[in-house]
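Here is a short briefing to read alongside the model. Have the viewer open as you go.

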Amino acid sequence: MIIGIDMGGTNIDGVVIAAHDGRIVRQVKRPVDRSDYFRSIWNCIKELLRGTEKEDIKRINLSTTVSTNAIVENRISKVGVILQRGPGLKWRFDDLGENVVDVTGSTDHRGIPVSGENPDELTKIKADFLNNSIEAAAVVGKFSTRNPEFEKRAEEYLRDSFREVTMGHTLSGRLNFPRRVRTAYLNAAVCSTFKAFAENIEEALRREGIGAPVYILKADGGTVSLKGAKAKPVETILSGPAASLMGMTALLDEKEADRCLLDIGGTTTDLFFLADGVPVFEPSGIEIGGHKTLVRAVYSTSAGLGGDSYVRMEDGKLKIGPERKGHAVAFGGKHLTPTDALVYLGVMEAEHSRESAEALESMAKEIRMPPGEFAGMIIGNFCKSVRETIENALKKINSNPVYTIKELLDGRTVKPRSVGVIGGPAKALSKYLERELGLPVEYPPNHEIANAIGAALARPTAEITLLADTEREILSIPETGVYEKIGRTYDLRRAKERALSEVKSAGQAMGISSDVPGAEITEESSFNMVKEYRAYKNIRVKAQIKPGLVICRKAERG
Amino acid sequence: MQKGGKRMKAKNKLGLILFPAFDWAISPTHPEREERLLYTQDQLLEEGIEDVEGIHFFNPLIATKKDIDRVHFCYPGMEELVTESHLIAAGGVMRAFDAVLGGETDKSFALVRPPGHHAQRVVYGDRGFCIVNTEAVGLAYARRKYGDMRVAVVDTDCHHGDGTEDIYWNDPDTLYISFHQDGRTLYPGTGPIEDLGGPSAFGYNVNIPLPPGTGDEGFQYVLENTVLPILEEYKPDLIINSAGQDNHYTDPLTNMSFSAQGYAKLNSRLNPDIAVLEGGYSIQGALPYVNTGIILAMAELDYSGVAEPDYHLGRWKQSERITGEVKRISDEVLDIWRRREALGQKLFGGKSSVKRNRRVYYDTDGIFESQVQEFRPCPDCPGVDSIKSRNDLGASLIGFTIPRKACPACQKAGYDLFEKAKGLDVKKRFLQDLVRDEFFAV
């Protein structure tokens with residue numbers, strides 16, 4: 001049995017899934033107690049455990065808002081930030097608090113130290129941080145992924161004095177100093193909160209005698225072990241959309257194609273894309289609370305309208321959303337919504353269909369339109385907005401910069417061949433969406449617990465960035481802390497082998513069994529470097545374990 | 001929390017076409033190889049340029065045969081000479097024009113390779129790593145698409161842009177200004193002050209040859225005292241900067257002492273609408289910093305923090321002797337600019353044909369070419385011109401150009417001349433009709 005839990009803003013959903021065939025054995029829904037996330041989750045787990053033997057539980061997967069809410073609600077540790085930025089753009093980090101300090105020294109793009117910091121600087125900073133009752137620290141250098149020596153020195157010096165010291169290079173191999181600073185800051189900021197949550201979970205499981213491993217869902221649609229998440233809690237932010245996306249891929253039939261996935265909520269409709277069945281990612285990393293980070297995340301965007309959007313006439317024009325004024329009239333609300341239009345069109349059942357019809361008819365009368373036509377117009381406009389949002393998103397995704405002639409000429413673009421929809425009005429809207437989008441639309445069963453299913457079935461993901469420089473004779477993989485000597489003859493073939501084995505062991509560390517599915521090379525290049533009439537290589541390889549499902553469910557026809 | 005600190009916003013919206021062509025090289029260890037923009041890309045990524053609000057990245061277009069035909073006579077033909085990488089580099093510049101003239105951004109910078117400013121009207125092969133004049137192709141495309149305009153091309157590459165000079169030699173609507181290391185000390189050897197343009201555009205080719213060792217101070221002097229006053233008077237609709245980066249003190253092929261700060265300041269004062277990367281082969285020590293500096297200057301962001309790791313103020317200061325020489329050259333150029341009409345009248349007044357003999361060396365491909373250009377001044381338009389050319393590999397051609405603003409009589413004359421050239425002993429005849437945007441090669 002696999003337990004999957006998705007904690008949303010108001011509710012927490014849990015499922016128990018049979019590990020051998022993906023059957024949903026049990027499901028529960030509970031309100032979230034925002035003052036005690038652990039208690040909310042633990043109550044849900046206990047509920048799910050009823051009727052399940054403890055020994056049968058293979059794994060427990062959680063998608064939580066613990067870190068996300070800590071950031072958004074500013075319930076974070078007091079963080080001191082030490083930067084070695086050297087020359088370049090003057091990004092400001094003063095919004096990160098009073099304790100952001102620069103040290104001298106810099107490292108260049110090859111990872112060659114230009115000059116180091118003065119040891120006295122760190123001594124003074126440490127004393128100041130302690131005086132200012134700093135709880136956690138982040139140390140970040142420009143190009144630290146290429147050479148982390150400064151960050152390591154600073155971490156070693158500060159380690160014993162603060163609860164957490166986050167080193168920028170450990171969070172991502174990607175180059176982007178300002179994002180690295182913010183990612184490290186957020187990691188340090190949520191460490192305490194997340195650790196406390198994780199320890200509560202561990203303690204409770206121990207008390208109950210449950211030995212199953214716990215995994216936390218990440219924003220990229222993969223999981224990380226609880227231990228891994230304690231070290232890099234920033235990776236657990238914004239996992240909700242990933243849960244929704246992974247749930248949809250689990251529930252839908254076709255797995256390999258380019259698809260667009262829609263999650264129609266009350267206020268918004270979230271969009272995702274799959275390219276050959278693999279989620280399309282945010283190009284650089286996700287943004288949270290205005291902080292652009294290096295946290296890898298599935299691409300998602302929203303259309304500002306959902307089933308409960310406020311429908312009204314403004315200056316003779318029909319407006320839908322973006323605000324929501326409560327439930328649809330059909331479900332006890334006071335204001336007309338797209339849901340009421342669906343009820344009027346007879347494609348959706350409702351509790352208060354009479355009141356709903358009256359509300360719609362009265363607005364239709366105002367503009368002298370037959371109510372049936374008016375209901376059709378509301379749904380027509382709704383679908384048109386969704387189509388425009390899809391088109392704009394695709395335009396953006398398909399114009400991401402490319403850097404090789406081959407990519408430019410090949411022009412691989414994401415072209416959805418079908419659409420998957422979940423959410424309250426999914427089924428009722430499907431045929432209208434089909435007409436508007438000109439694509440087959442599928443609405444899976446059990447969509448109301450798609451997020452919990454997604455959390456349950458997601459498997460670990462990992463990404464590593466390898467750089468081998470045969471002139472400097474250095475190989476680096478920041479994500480796994482590898483900085484080692486290589487020979488002058490190191491080549492691309494060996495680099496690729498190494499990258500694959502490294503990403504697989506990163507995956508194993510996160511709990512994937514010996515055979516690691518989904519490990520692949522995503523980027524590879526080898527550049528000739530010429531220096532004083534000798535040629536060297538600058539080799540770059542990226543590898544990942546791509547998001548996927550631990551087991552493939554057979555879709556149940558609804 | 002303060003909101004302001006999280007964002008960085010460009011004052012000028014800037015379009016960047018960063019296309020490093022990581023799968024193309026002239027040869028594996030040639031300076032124009034895959035690695036050339038690798039460290040620039042690293043630097044720009046690490047600086048977080050992609051997150052600056054108002055800076056947008058665009059992929060290049062791919063130039064078509066017609067785009068190339070507007071500028072070049074390719075022998076034996078475009079297909080034989082021009083690779084996909086050239087079409088994309090030119091397409092990158094075309095995209096830069098679209099960004100600005102189509103209103104997406106205020107300015108744009110095409111960081112593309114290979115460069116183009118040594119590619120002349122006749123193309124037998126590669127010269128100075130160039131086959132297609134990317135800026136000229138971009139500008140011709142833009143003029144066709146957005147209408148004619150008065151343009152100044154300011155070439156800050158260390159090498160004289162002999163290709164660009166050749167293309168606009170007789171075009172009064174395209175002012176070409178080049179600062180470069182004196183041709184007596186560097187490839188391609190051209191670019192003396194006395195080369196001032198053809199009879200219809202005399203004075204609109206401005207060469208400013210500078211002595212080896214010229215540094216930030218010298219470039220600044222030339223810009224403030226000569227280039228800006230000329231531009232002030234010319235009043236171009238558009239300024240293009242051929243932003244070669246080999247005046248840098250670390251460049252392996254040249255002998256100048258310009259810095260990243262110097263380049264950024266120059267760009268900021270010049271205030272070009274469009275910049276195009278040309279040469280520059282100090283790919284680790286210069287390009288990452290110079291490109292960052294230029295981008296910030298174009299976006300009107302604070303570039304004062306950009307510096308090479310090994311830059312020390314004072315170390316690259318030019319000598320007193322150079323300061324004096326730069327001042328003398330600069331003043332002479334300005335003096336000639338002011339007297340250009342009288343000088344032109346004296347040289348070409350009353351002439352119906354002006355001939356010019358040239359020898360052209362293709363260093364990359366080892367070809368020698370000799371050509372005779374003929375300009376036919378007309379009172380109503382710049383007049384039809386032609387190039388008769390042959391090279392030491394036995395190729396020969398004649399090409400006629402009917403300029404964009406040709407009068408009906410000259411347009412007809414162009415076709416007549418092309419027809420009459422049938423009898424000539426040349427392997428290929430070309431006609432560029434830039435009025436109708438039609439091109440013939442037989």
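How many residues of chain A are in contact with chain B? In this predicted model, 41 residues of chain A are in contact with 43 residues of chain B, where contact means C-beta atoms, placed from the backbone, within 7 Å. Local features need pLDDT of at least 70 and side-chain atom pairs count only at pLDDT 80 or more, while totals for chains, interfaces and linings use all residues. Residues are numbered from 1 along each chain as its sequence is written, with chains lettered from A and ligands numbered from 1 in the order in which they are written.

**The side of chain A that touches chain B**
- Two or more residues each come from α5 (177–208), β17 (291–292), α11 (405–410), β26 (519–531) and β27 (534–545) of chain A; helices (H or I, at least four residues) and strands (E, at least two) are DSSP runs, numbered from the N terminus.
- β26(A) gives the largest share, 5 residues.

**The open sheet**
- Five strands of chain A pair antiparallel in the order β25-β24-β23-β27-β26, pairing being at least two DSSP bridges between two strands.
- The edge strands, each pairing on one side only, are β25 (482–485) and β26 of chain A.
- Strands β23 (residues 462–469) and β24 (residues 474–477) of chain A are joined by 3 bridges, and Asp469(A) has Ile474(A) in β24(A) as its bridge partner.

**Helix α10**
- Helix α10 (residues 371–397) of chain A has 27 residues and spans 39 Å from first C-alpha to last, close to the expected 39 Å, which is 1.5 Å times one less than its number of residues.

Technical notes
Contact = placed C-beta atoms within 7 Å.
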